[in-house]
Amino acid sequence: MATGWKPLLGIPLSVAIGAAAASGTHAARAAESAQTYPSKPIRIVVGFTPGGVADIAARVVATKLADNWKQQVVVDNRPGAGSAIGTGIVAAAEPNGYTMISVSAAHAILPALYSKLPFDSERDFSGVAVTCTGPLLLIASSSAGVKSVKELIALAKAKPGYLNFASAGVGSATHFAMEVFKSKAGINLVHVPYKGVPEALTDTLTGRVQLFISPLINAMPQVKGGKVLALGVTTTFRSDLLPDVPTITESGLPGYRAESWHALLVPAKTPRAIVSRLHAEIARILQQPDAREQFAKLGLVSPPTTPEALDQFIRGEIATYKEIARTSSIKAE
């Protein structure tokens, strides 16, 4: 007699039935916890100091979640080791939906820089929602002597190693963005790493370094003040904050793209019902006019996506950064 049951190879039927029953019990408990979730405070860990985009995104979501769910939502800044400290805390947290982390591209960069981490950036986390994305901005000091991407590439090819560029540190998103630019353009630029964006931007303004791919919001006042020249934004679309600045793709380097992105993740074994509940509420929050306006002031948007699409995106980013680190010989200091 044919049935729907197919005993597992080498496993007694009674054990298989017991395992199925246990699985069903676990699923029932997960469903029950999702129905009562949240019943206690939620923590959003940020692996950076207050004031950055990862922190701002966490606070926008935390404030709205607390209002909507009538439950305390705490933002917990745990900076250090390129965000690895905060990330490790969340990787080790109980997967019950009460601990999230607000990440940036640094989350995908870490595996490219370090062969040993106390967590796996891909396997130990599940995506909840993309909070915001936006462009970086390629700027040039007056000492560079170029006024466009085409002029920059032509000069760099004529004088290999003549131009230099700043970054916010070895292995930072600003460093990787320029390495991709160099690779696609087939040029040689000298890397000058700094401790962070403010230091890199200051020396670009003074002309000590000639080029810098900066977070847009940091460089925009200097561009509008005429202190540096904006050569192009790194996304495939122009920024509403600087609509006259072309994309790098349209101004001489087809196919180039580097994007600033931020997202919320939970530990990997968090029940899918809770992930779905979190995603639905956060996605609704991010599309509200006041939230969109807060991000728009920073030159950022909140694109709708799914947890599954976010997981796939992060896998792709990790693979991309690993390849860039390999071909450009980027290693952690």
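1. Let me start with Gln 71. Setting aside residues within four places in sequence, Gln 71 makes contact with Pro 38, Ser 39, Lys 40, Pro 41 and Ala 66. The residue sits in the loop that runs between helix H2 (53-69) and strand S2 (73-77). Gln 71 has a relative accessibility of 18%, so it counts as buried, the cut-off being under 20%. Bear in mind while reading that this is a predicted model.

2. Now the overall picture. The protein has 11 helices and 9 strands, and its C-alpha atoms fill a box of roughly 80 × 50 × 35 Å along the principal axes. There are 333 residues, and 49% of them are buried. Taking contacts with a separation of 6 or more, 76% come from residues 24 or more positions apart.

3. On to the nonpolar cores. The largest one has 51 residues, and those touching the most other members are Leu 138, Phe 176, Phe 181, Leu 211 and Tyr 256. Take Phe 181 as an example: leaving out residues up to four places away in sequence, it touches Leu 138, Val 149, Leu 152, Ile 153, Ile 187, Ile 248, Leu 253 and Tyr 256. There is also a second, separate core of 32 residues, with Ala 58, Val 75, Val 275 and Ile 285 among its members.

4. Helix H4 (residues 106-113) is worth a look. This helix is mostly covered, with 8 of its 8 residues buried. The buried residues are Ala 106, His 107, Ala 108, Ile 109, Leu 110, Pro 111, Ala 112 and Leu 113, so His 107 is on the buried list too, given the cut-off of under 20% relative accessible area. What do the buried residues of H4 pack against? On the helical side, the partners are H3 (84-91), H6 (173-185) and H11 (307-328); the strands are S3 (99-104), S4 and S9 (259-267).

5. Next, the pairing of H7 (residues 197-206) with H8 (residues 216-224). Their axes are 11 Å apart and the helices pack at an angle of about 25 degrees. That angle is under 35 degrees, so H7 and H8 are roughly parallel to each other. H7 passes H8 in a right-handed crossing. From H7, the residues involved are Val 197, Leu 201 and Leu 205, and they meet Asn 218, Ala 219 and Gln 222 of H8. By type, the residues of this contact comprise 4 nonpolar, 2 polar and no charged.

6. Val 146 is a loop residue, placed between strand S4 (125-140) and helix H5 (149-158). Is Val 146 buried or exposed? Its relative accessible area is 5%, so Val 146 is buried. Not counting residues up to four places away in sequence, Val 146 touches Ala 140, Glu 151, Leu 152, Leu 155, Leu 229 and Leu 231. For a sense of distance, the C-alpha atoms of Val 146 and Asp 67 are separated by 50 Å, and these two residues are 79 residues apart along the chain.

7. With 16% relative accessibility, Asn 164 counts as buried. Which residues is Asn 164 in contact with, leaving aside neighbours within four places in sequence? They are Val 190, Val 192, Arg 208, Val 209, Gln 210 and Leu 211. Leu 211 has already come up, as one of the residues touching the most other members of the largest nonpolar core.

Notes:
Residues are numbered from 1 along each chain as its sequence is written. This is a predicted model: local features need pLDDT of at least 70, side-chain atom pairs count only at pLDDT 80 or more; totals for chains, interfaces and linings use all residues. Side-chain values use heavy atoms; hydrogens and water are left out. Axes are lines fitted to C-alpha atoms, for helices over the stretch in contact, and angles run from 0 to 180 degrees between N-to-C directions. Helices (H or I, at least four residues) and strands (E, at least two) are DSSP runs, numbered from the N terminus. Angles under 35 degrees count as roughly parallel, over 145 as roughly antiparallel, 65 to 115 as roughly perpendicular and the rest as oblique. A crossing is left-handed if the near helix is turned anticlockwise from the far one by less than a right angle, and right-handed if clockwise. Contact means heavy atoms within 4.5 Å. Ala, Val, Leu, Ile, Met, Phe, Trp, Tyr, Cys and Pro count as nonpolar, Asp, Glu, Lys and Arg as charged, and the others, Gly among them, as polar. Buried means under 20% relative accessible area, exposed over 50%, partly exposed in between (1.4 Å probe, protein chains only). A nonpolar core is a set of buried Ala, Val, Leu, Ile, Met, Phe, Trp, Tyr and Cys residues joined through side-chain atoms within 4.5 Å.
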